[in-house]
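Please keep the sequence and the structure in view while reading.

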Amino acid sequence: MENRADAVVIGGGIIGSMAALYLLRSGRAVKIIEREHVAAGASAGNAGILAFPEIVPIPAPGVTFKAPGWLMDPLGPLAIRPAYAPKLAPWFWNFTRASTRRYFERSLGVQKALMKLSVEEYEKLRVEPSLSPFIDNTGTLDLYDSATTFKAAAEDWAHKKAAGFEFHRVGRAEIEELQPGLAPEFQHAIYSEAGLQVNDPAAFTQAVAALAEQEGATILKGEATALEAMENGARIRLADGTTIEAATVVVACGAWSKRLAASLGERVLLDTERGYNTTLPAAAFDIRRQLYFNDHSFVVTPLKDRIRVGGAVEFGGLELKPNFKRSDALMKLATRFLPGLKAEGGEQWMGFRPSMPDCLPVIDRSKKAPAVLYAFGHGHLGLTQSAATGRIVAELAGNTPPSTDLANLRFDRF
């Protein structure tokens, strides 16, 4: 393996692949280092939703009062593995801080700006011949169990409307027309006609990486274990003992990014939300839209030749074994809400969503090693915000003003 490079991106997920593509198009020579293969983790197992309207931060006023109720159910929308709870304490304390009105309003503004840029960049990507076949306009149906929970979500929808997103309320008759086969209890919903779906998240990520390869990138297999500052760049140490020196290094390896920042002596309050899903054959149900079951924190989405049922949050770090009872619980809900759903033949999955306490990503420059750029921590929105992140990374690497204010995306904001 050559030990000199111009720009190296660590991580072959959707964030790393997009960063590589944008760096190439800014004139840099790029290598991608991936320890497994492109789209090995959450970039393959996500729901495929381009969730541009999801600007409302998860840590919001009042949310911490709901958390104890969620935690009482070990298979509910939020769970903390007991063995991991002590390690999570600093993260959860800062999540509570981020739920105050002042932090919430700040984070809302950051997400609005980042999503605006994300929409702009994906509009450009949708005309790329190798990428456009992966993006479908399915529309999005947000479903609520009752008039009470629908009314409780009004403030969130007001924020989305103020940000320019279009949608309308639908009752039972239109719900049945938009998505036949839903349980009769769903009488209240919001329909967003512009909802976009990536029909194969793994193949889409691989297509982005392949496009980068076609434009000159090199993909290398290796595990980066440490970084060191150099006078005019940074040195990457790999697990096999080799090193690579680069003028620019982008850390975009999701939940594993925290370890590389720590090797530079920089603390990042990053943790991982362990997400679960089950992917079913397309014949399991005639799904026509992205379906959000908002009162239960899970989604059902249409992939190219499959259906994906996933969601909820479990904190358990990177080492504990998966608890696939969580996938089973989601499937139980899905068959209740979609009575005709055939639950047989599903493939279960668990992956790691890298998340910061305020649910905003880290897009920043290392203080200890200015040649190192951080791009991780997007939580549930990595696919959605990947193109915007790629653009900002290229701007930081080129020492040009970023397209959005990064003050609240610093790695050391906690």
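This is a predicted model: local features need pLDDT of at least 70, side-chain atom pairs count only at pLDDT 80 or more; totals for chains, interfaces and linings use all residues.

## Met 18 and the nonpolar cores

Leaving aside residues up to four places away in sequence, Met 18 touches Tyr 122, Leu 125, Phe 204, Val 208, Ser 386, Ala 387 and Gly 390. Met 18 is also listed, together with Leu 23, Tyr 122, Phe 204 and Val 250, among the residues with the most contacts inside the largest nonpolar core, which has 58 residues. Helix α1 supplies the largest share of this core, namely 9 residues.

In soluble globular proteins, nonpolar side chains tend to be buried together.

## Helix α1 against helix α5

Helix α1, spanning residues 14-25, and helix α5, spanning residues 101-125, have axes that come within 14 Å and cross at roughly 75°, which means that α1 is roughly perpendicular to α5. On the α1 side the contact is made by Met 18, Leu 21 and Tyr 22, while α5 contributes Glu 121, Tyr 122 and Leu 125. Sorted by class, the residues of this contact are 5 nonpolar and 1 charged, with no polar residues.

## Strands β1 and β2

Strand β1 (residues 4-10) pairs with β2 in the parallel sense over 4 bridges, and Ile 10 has Ile 33 of β2 as its bridge partner.

Strand β2 (residues 30-34) is mostly covered, with 5 of its 5 residues buried.

Terms used: Residues are numbered from 1 along each chain as its sequence is written. Side-chain values use heavy atoms; hydrogens and water are left out. Axes are lines fitted to C-alpha atoms, for helices over the stretch in contact, and angles run from 0 to 180 degrees between N-to-C directions. Helices (H or I, at least four residues) and strands (E, at least two) are DSSP runs, numbered from the N terminus. Angles under 35 degrees count as roughly parallel, over 145 as roughly antiparallel, 65 to 115 as roughly perpendicular and the rest as oblique. Contact means heavy atoms within 4.5 Å. Ala, Val, Leu, Ile, Met, Phe, Trp, Tyr, Cys and Pro count as nonpolar, Asp, Glu, Lys and Arg as charged, and the others, Gly among them, as polar. A nonpolar core is a set of buried Ala, Val, Leu, Ile, Met, Phe, Trp, Tyr and Cys residues joined through side-chain atoms within 4.5 Å. Buried means under 20% relative accessible area, exposed over 50%, partly exposed in between (1.4 Å probe, protein chains only). Two strands pair if DSSP finds at least two bridges between them.
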